[in-house]
Structure formats: C-alpha cells, structure tokens
Amino acid sequence: MNPQVAANPPVATPFFFYGLAAIMIIGGILVITRKNAVHSAMALITTLLAQAGLYLMLYAPFVAGVQIILYAGGIMVLFLFVIMLISIERTLKERQFNKQWLIGIVAAGALGGLFIAVYTTTKGGVLFPPVGRPSYVEAQNTQGVASLLFDLHTGTYMFAFEIASLLLLVAIIGAVVMAKKRI
Amino acid sequence: MHDLIQYIQSYLGSDKTPGGAGNIFWATVYVLLVFVGLSVAVIAMNWLERKILAHMQVRLGPMRVGPHGLLQPIADALKLLLKEDIIPEGADKVVFWVAPFIVVLAAFTVFVVVPFGPTHAITDMNIGILFMLGVSSLSVLGIVTAGWASNSHYPLIGALRSSAQMVSYEVAMGLAVVSAILMTSLNESSTGTLSMIGIVQAQFDQHEWFLFKFFPLGIIAFVIFAIAMVAETNRAPFDLPEAESELTAGFHTEYSGFRWSLFFLAEYSAMIAVSSIAVTLWLGGWLHPFPNLLSSPTWELAFSFIPGLTFLFLGALCFYHTARMPKHPLFRIQTIGLAGFGVVLALIGVVLFIPAVRDRVGDIFWFSAKVAGFMYLYIWYRGTFPRYRFDQLMKVGWKVLLPTGLALLILTAVVGMRGELLEQAKGVFGR
Amino acid sequence: MVAKYKAEYGSGLNALTHLGQNYLEVDRSLIPDFLQLLRDDEQFDYCVDVTAVHYPKREKQFDVVWILYSFARNERIRVKTQIADGESIPSAVPIWTTCNWLEREVYDMFGIKFEGHPDLKRILLPDGWKGYPLRKDYGILQQDSEWVQINLGIESGQ
Amino acid sequence: MTDPNTLSPLDLDTPDKTFLDANELVINMGPQHPATHGVLRVILRLDGEKVLGLECVIGYLHRGVEKIAENRTYTMFNPYVDRMDYVAAVSNGLGYCEAVEKLLSVEAPPRAQYIRVILTELNRIASHQLWLGTHALDIGAITPLFYTFRDREEILKIFEKYCGARLTTHAFRIGGLQYEAYDGFEKDVKAFCDFVKPKIDEYEELLTTNRIWLERTKNVGVISGKDCIALGVTGPVLRASGIKWDIRKALPYANYKNFDFEIPTGQNGDTYDRYIVRMIEMRQSLRIIEQAVAGIPEGPIMAKVPKVMKPPVGEIYHSIEAPKGELGYFIVSDGSTQPYRIRVRPPSFVNLQALDIMCRGQLVADVIAVIGTLDIVLGEVDR
C-alpha cells in the first residue's frame, strides 16, 4: 500500500472522469462536423488535452506529459501549420462527407462493440484494478515506462520501439523527398 | 470550524508542497500567491525593461508618471484595459477570441510546478520538467491561431515564423534539459528524477550546481538552453515573429486593448517560466551560494539576512534619489511619492528580518534573484543585438544547437558512466 | 570624336558648348542608334538623367535630354533631340537600364511616349490622373479635380 | 527587356514545382510600414519568405517641386530644395546654388567656399548617422539609433547656431553666404570633430564585428559594379561595389580639390560593404572638415550678384556628391527672373530602382535591410 495514495485520496474522481469524457466526446464530434478545418483542429486539440487529463487520472503522468508535448503541442501545431496554408474558402465549398460514411459507421460500430464487450467481460478485472495496486503509484510511472521499454531483463518493447522510430525516420525522409525537388 | 482551522494549520509543519500534502486550502492560497506575484513581476519587469533599456540607450525612459516613472506600468495597464477592443472584419471571431487565452493559460499553468523553495511550490509533480516543457509548448497553438484568425498577411507570416521557430528550438531545449536530468542520476547515491524539486535536491546532494558538473558539459548544456529559451520566448535577437521592422508586430498585429495585453502578459510570464527552468536545472534553484560549504548555522543566519538587507538597500536608494529630486513645488508630490515608495521597501525589508518570515522567504528570495538575473540578460540582449534572419535562425537551431545538444547528451552519459564503462572495458580486455 | 560622327551623320548632328559643358543636338531619327553608339564605342556607360523641356511655342514642342557620363573618360555630355507633341521616341531602356524609371517620369510629367519601354505607366502621379503637370500649359494650381473628388472624397486637393 | 551585356544575369529562382504546389504570396509592404522610411509602398511577390520580385509604388510625397521652380524666382526657389532630401538639406542647397552660380558665371569667394565645405561635410556625417541609426534599427539593433541621434544633435546645434534652422537649413545663398560664421564657429566645429571620433568607434564597436550583424549584412543585397552603372546607382552604393568614383574627386566642385581625402571602396557590393564604406566616409568627412577649419581664409562671403537675377539664356547641368549619390540640377534659363525649367536628378530615386534587382532571391527580412542600405529619402524620391 502506497502511503502517498493513502494520504491523498483522489478528489471527485467520477466528476472529473465524466467531465473529461464529455469534453472528449463533444470535441470528437466537433472535429468531424465543423466545416472550417482550423475549428476542427482546435476541437481535436481539446480532445487530446482531455485525454491527457484522463491519463493523469489513471496515475500515468508520464504518458499524460508525453500526450501534451507530442500530440497537443507538436503534432497539432504542424497540423495547423498545413491547414493555414490551405485556402479556407475552398474547403468550405467542398463536400464534407464522402460515400464511405457507411463503411465508417460500420467500423466505428465494430470498435464500439469491441469496447463494450471488453468492458462487460472484464469488469472489476484487469481494466479497473483495485486501489492499492502498484500501477497506481505515481512516483514509479516514469521509471516503469522506461524499464518496460529499455530494461535488459524486463523490457519487452525495445524492439517495437526502435522499429517505430525507424519508421518515423523513413517517413521524414520520404516527406522531404516528396516536398523538395532539389535538396 | 475548529476542524477547518486545524486542517489549515496541519500543513504548516509539513515538509511537502501543498499539492504534495493534498491540502486544498494552502494549494489555493499558493495558486493565488503565484498568480499575484507573477502579475506584479510582469508589471515590475515592464518598468525595469523600459528603464534599463533607456539607460543603455542614453535616455531616461519613463519619467512623468510617478517618480522616475514608477506608476507608468499601472498607467499602461489602465490604458490597455480602457482601449477599444477591435476585432477585424474578416477575422474568425471565435478563434480570434480564444487565441490570447490559450497563450495566457499555457504561460501561467507552468508555474504549478515551479519550485520557489523545497516546500514553496504549488505541487511537486513526478514529471515536473516534462509538464513544464509540454504546457509551455502549448502556447504555440495560441500564437498560430491568433495569426491565422486575424485574416491578414503580416500576422499569418508572424505566426508561421514563430511556430516554426518554437517547434525547432524546443528540440534543442529538450536535449539540453535531458542532459541535465541525466546528471541527476549520474552519481553514486541518487536516482534520476524529473521532479523540479528533486532536481534541485539532487544538486544539493551532489554538492555542485549542474552548471559546473562534468565541466564543461554542464556549461555547454546551460548555454544551449539559454539560447533556446530566448528563441522560445520570441525575444531579441530571435524576435522575428514580432519583428516590427518587417512584420509590423507579427502575430498580434491585429490585436488591441485587453486582448493585446494578454499576449504581453503571456510573453513576460513565459520569460519568467523558462528562466525558472534554467535556474532550477543548472543554477541550483532556491539554494543560496555554496549551500554545502557555508552550511554552518552562522552562515545560514548571515544568508537569511540578505533578503531584508536587499530591500533596505533598495529603500535607501529611493531615499537617496528623493534627496536628489529637484526642489520645485511641481515636484513635491513626486518627491513624497518616491519617499513613500522607499518607506514601503524599507518596511518590507524590516518585515523580512522577523525570524519566522526570514526562515520561509530565504529560498524564494534566492530563486527570484537568480530569475531576475536572467530577466536582466533578456533586456541586455535586446539592447545589444540585431535581429537574426529567419533562415539563419533555423540554421542556428538545427545545424548548431541540435548537433551540439546530441553530442553533449552522449558525452554526458559517457562521462557520467565512465566508472562502469571502464569496469566493463576491463572485463573485456583485462583478461 | 565629334568630327568623326559629324562626317557620318551630317546635318543630323550638331555639337555645341555652353558654359564649358558639351552637348549634342541630334535629329530624332538618329536616336536609338546614336545613343547605342555613344555607349558602346565612346564608353558613355552611365546615363545620369533623362528629362524633357517643353517649348509650347515651337513647332516641335519638346526637347528630350539625355545626360551621359563616361567613367573611362571622366566626361559628361548632353544629348538633345526635338520631338513634336504626340510623337513618340524609342526607349533607351535596352541601352541603359536606369532609363526605366527616368523615362516613366518623363512620360508622367510630359506625356512623351517611349516606344519599347517595358512598363510605361505613371510613376509619381496616381495611375488614373489626367494631364501632364510639367507642360507649360498646365497651371500650377491645376489638378485633376475629377480624380481628387472620386478617390479622395474631397472637393479640392489644394 | 534588358541587354545581357549591361546587366549580369540574375539568378532568378523560380519556385520548385512539386505536388505541394509552392504558394505564391503577394504582400503589400507600406505605404504605412515602419521600415520603409516614409511612404514607400513595395509590392512583394513571395514564395514562402523568398522574394520572387518586387515593385515600388512611389509618389505619395510628390509635391511638384520642379513645377514650383518654374513659378518662383531663382532666389525664391532656394529654400524649396531643402525639402527634398531633408536629412541632407545643406547638400541640396550647395548643388542648387552652385548650379545657378555657374549659370550666372559667378563664383563664391574662398571664405564662403570653405564654410560651405564644412557645413556640407557636417551634413554628410549627419545624414550617414541618421542612416546608420535607422538601418540598424531595421535590422533589429535598437541601441545605435539613440547613439547616432545623440551625436547628430551636436551637428544640428552647429547648424542652428549658424543659420537658425536645424533641418531645412537654407544655409547658402546664390553667390556665397548670407551669414558670416558666428563667433566660435571654428571652435565648435573642432570640438565636434574631437567629440565624434570616439563616437564613431562606438558605433563600430556595437556593429562591425557583431556576429549577427555580419550574418544579416554579408552577402545581402549584392549588386555588382556593372549593374550599378547600368542602373545609374551612385554614391556609397556604387563605391561599395568596387568602383572608385566620387564627384568630389572626379569632377571637383566647390573647393574640394584643395583637400586631401580618400574615397573608400568595397569589394563585394553587399550591405556590409556599404555599411563599412559609409563608416569610412564619415571619418573622411571629418578629415576634410579639420583641414577646412584649419585653412579657412578671411575675406568676403558674398560674390557680386545682382539683386534681380536674370541669368543669360542657356542651360546647365551641375551635380554634386550628396550623401546619397549624384545630386544633379539641370537648369534651363530663358533670360527671365524665373527658371524656365529645373530638373533635379535625385540620387534616391535612381538608387531605388536597384531595389528589385538587389532583393530577388533574398528573404523578406533582407528587403528591409536593403531598403535601409540604399539610404533613400522619400522626400527626394517623390519630390
């Protein structure tokens, strides 16, 4: 039992959870319904920030920090960067939904079904571990992530991590090659 | 009622931050204190920048509003609040509205983890430094959206410039920060930490500021950070996003009045925020000079007098200038005002001698003094340097700072692990 | 130099000196070739100024003046030619790039058209302005009041 | 359009055509813009931040000085010339007075010549100081502006003491001077020379070896000597491109042939060289002033000039080396009291033409630097 958790019982957890979840859902809906791409991007940022809040509630501050620094801070800036250079007037005239909406709904329904299935079958189990489990301990989150990734003995994701970074490197080079004729 | 008082008092003996102790009352008090303190700091910074810059440029600066222009920032603030709030015709109203708030929110939120002292922080997060970098990077969003929403060319170019600039300098900044974090773990006893308080504590434990650790690696990391932080806050000589001679005022060209003042506020609090990071990581945060050498009670007592003495000195300075004021009836109110200001400063100085206060503000004083040093550097840069061009700025960021930072990171790791590495080398070759 | 060209062009060329300054009066028909010649063969590589003078009483109303300088000879020379109102004159831009704006100004002020000028339009006055202010028949208080009223929304620019 | 012989081919970078389709942006810089030094409007065609081409729109300050001249007598027109290049009013006056004197075939007496040279050179320093301050400000260094203005003030004080005016001085009259030099004039000028020398060192200390300044000015706005001649660019810009030509030496006027000074030149024709050339020019001006103050003769200050000036029929072109370049006056006289036609050959106007060629392929920030380095005064461009 971690003394810190015992000393600081989480405050108003359901309130924050439902609040953040609601923000996320509203943001997500706005992302696809807004015609103005910049508004969509702003909604997406809100969603991502709310998600970071949920990570914090899950005692995963490192992931939350990375979420903010990478998604909300880094990637979305580049998104906005590109969106701004596109003429907004033109995008306003374009059709917002294409013919694949049916497939989209099917895919979203399937994913939602999966979530519900997992939730119902594992309720009280792995997804929502009881209070006091080590994964609650904030102080070990950063080290935990690091040891999962890099530790020689317990690390299982080292290879996947390195492969992912290589993939990103290839993507960067590809983007440069495509965007610039003369380098 | 009694419970409440006890709840409030229960924190006082604690050696944790209010957030760490989970005391909501004191956390709120600290939030308010930091907010007010920051606002006062920005106002003071406004006045100081104008005065110091003026004296660097052989002129006087504000002299009319209050003695030596002391009330000038207040007059400015009033003017900005009363000014008409113009929203351009073709602007995207919602985004135009939201953008300044994003910037201000990002600039203020980072102060949640800034450690003014071992217990003087709103909270101590396990990921403190990561949180600071992450949240401060959000201000780019505000700048970009502000530039875009203005629906005008100059702000758009300014916004694009600043976003490109901030994103690229974040990389170099991050590398320098990582090398400092690495230093927290590279010794016999301590384990690494991302917590802001933990980092300062590590410097205390390791008996040196990280500025001097692994000489000259610490200094190089600090220099990289010091350059990157000027670029991050869009100040001279990296003030291209608001280069007035090229882009009139950059991303906030179309803003006026209150909304413009929010940008102003955000810029200065961001300057203070990044300076705080630098102070925390390399200059020993709240520690007074030579905390390990001069740690005897006598020295502690001597150091605890310095804040009070400083304020007394400032008060004396005010009295000196009061005496030098022209003896003309027109200047009477100004003279009285200056004397009054001196009295206030001296009183603060006296209050700082009270033992209970003395023991608590020492950390805050040293931290603020170090940050103030950086603020002075900002002003000095502005008075001295011409402005970089955009491509040169990018060149400095990507071709100089980034490789240096990477090499530095590797070198820090190698130097820090040299014992183990030698051991392993012996293991391999020694047989 | 003068004698050589005098022989070549005869009456089309007239060399004079006034107050120690040399100038050539050249027939309109010689204009682009003679200027080209001055630059290429006589090293007058710097065109100091192009301007015009209006003589309303003359038959050929305008004097167009080129002021040339040669770095090699350290010598200045003026070339003058006379043209009538409405007549155009070949542009010297292919010879000296600097003539671009100078000719535009002459066009702006006198209404003299330069053939082959890359972008002959008004330079100092607004594009829609009527009248050529440096002509002698243009009064000093005169203005294009129509333009002023439409574009500035005031009665008069005086 | 342009002859390849006179103009070195421009390295015109067309935007890279990729699937991202380079964005061409047209930006309107000015007429109200902090860095255009007045009311210059520059229409920039940009690819991102790179300048593809630009067009200057001028004439916002057009006052019809040449038309005014035709309706004033020779004497009455004299103050008007101060209003063209208002930061170098004394030079304007010198050019005009000398042109009319030539037309009248009179010459100003030696003492007047010396005082003229002193004042003109002082004005050259003042003009260069103003240029330096604003140019550095454009590039982002805000401090030199205050230093140069502080020192320019001393020059203006001398002007004020001499003729009562600080900016539009109207210091000279046709045929000489109106006012005798005031008591202590020589002393003031000498004191100024001693005062300003360390100050020029101070400017140089701030900028000459400043790394950012070097990066911002080296290889920026390069123009070759050949292009300069083709475009008629004169003054420090021409000299910075390696052509050693100064009217004070080439076709001496006033009594410049009596003084010993050097013409500074640059090699690269970039913004940095122009900066260096102007800095040296300031020092050379000081040299001239010191010699002139030492050798100032006694004597009359006004030649015999008729009260009503009626120059004989004829025309004259006279030019001087103004701080910005060749400032010429082409005066046609019809024998009456009023000039038949006065044409001013403004250095700023002609130099401004080079802006396009100097900025192509550079960045927006360089346009600012180049406008600054051309040292234009819109009052003179538009007249």
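Helix axes here are lines fitted to C-alpha atoms over the stretch in contact, and the angle between two axes runs from 0 to 180 degrees between N-to-C directions. On that basis, helix H6 (residues 128-137) and helix H8 (residues 153-185) of chain B pack at an angle of about 170°, with their axes 11 Å apart. The model is predicted.

**Contacts between chains**

- Four pairs of chains are in contact, and among these chains C and D share the most contacts.
- The contact of chain D with chain C involves 34 residues of chain D and 27 residues of chain C.
- On the side of chain D that touches chain C, at least two residues each come from helix H1 (65-70), helix H8 (225-230), strand E6 (314-322), strand E7 (325-333), strand E8 (341-345) and helix H12 (347-352) of chain D.
- That side of chain D comprises 14 nonpolar, ten polar and ten charged residues.
- The contact between chain D and chain B is made by 26 residues from chain D and 22 residues from chain B.
- Helix H4 (110-139), helix H5 (143-163), helix H7 (211-217) and helix H14 (364-374) of chain D are the elements that give two or more residues to the side that touches chain B.
- By class, the side of chain D that touches chain B holds 16 nonpolar, four polar and six charged residues.
- Two pairs do not touch: the nearest C-alpha atoms of chain A and chain C are 30 Å apart, and those of chain B and chain C are 22 Å apart.

**Domains of chain D**

- Chain D is divided into domain 1 (4-57) and domain 2 (65-382), with the C-alpha centres of these domains 30 Å apart.
- In the contact between the domains, 22 residues of domain 1 of chain D meet 21 residues of domain 2 of chain D.
- Strand E2 (41-47) and strand E3 (50-57) of chain D each supply at least two residues of the domain 1 side, and the largest share, five residues, comes from E3(D).
- The domain 1 side of this contact consists of twelve nonpolar, six polar and four charged residues.

**Buried positions in chain D**

- In helix H2 (residues 74-82) of chain D, the buried residues are D:Tyr74, D:Phe77, D:Tyr80, D:Val81 and D:Asp82.
- The cover over the buried residues of H2(D) includes H1 and helix H3 (89-104) of chain D.
- D:Met282 is part of helix H11 (residues 271-294) of chain D.
- D:Met282 counts as buried because 24 C-beta neighbours lie inside 10 Å, where the cut-off is 20 or more.
- Residues up to four places away in sequence aside, D:Met282 touches D:Ile125, D:His128 and D:Ile200.
- D:Met282 and D:Ile125 are 157 residues apart along the chain, yet their C-alpha atoms are separated by 5.3 Å.

**Helices of chain B**

- H6(B) and H8(B) are roughly antiparallel to each other, because angles over 145 degrees fall in that class.
- From H6(B), B:Ile129, B:Leu133 and B:Ser137 meet B:Glu170, B:Gly174, B:Val177 and B:Ile181 of H8(B).
- The residues of this helix contact divide into four nonpolar, two polar and one charged.
- B:Leu281 lies in helix H12 (residues 257-282) of chain B and is buried, with 28 other C-beta atoms within 10 Å.
- Neighbours within four places in sequence aside, B:Leu281 is in contact with B:Val177, B:Ala180, B:Ile199 and B:Phe210.

**Chain A**

- Chain A has eight helices and zero strands.
- Of its 183 residues, 17% of chain A count as buried.
- Among contacts in chain A between residues at least 6 apart in sequence, 50% join residues at least 24 apart.

Methods: Residues numbered from 1 in each chain as written. Chains lettered and ligands numbered in written order. Predicted model: local features only at pLDDT ≥ 70, side-chain atom pairs only at ≥ 80, totals over all residues. Contact = placed C-beta atoms within 7 Å. Helix = DSSP H or I, 4+ residues; strand = E, 2+ residues; numbered from the N terminus. Nonpolar A, V, L, I, M, F, W, Y, C, P; charged D, E, K, R; others polar. Buried ≥ 20, exposed ≤ 12 C-beta atoms within 10 Å, placed from the backbone. Parallel < 35°, antiparallel > 145°, perpendicular 65-115°, else oblique. Domains from an automatic or database assignment.
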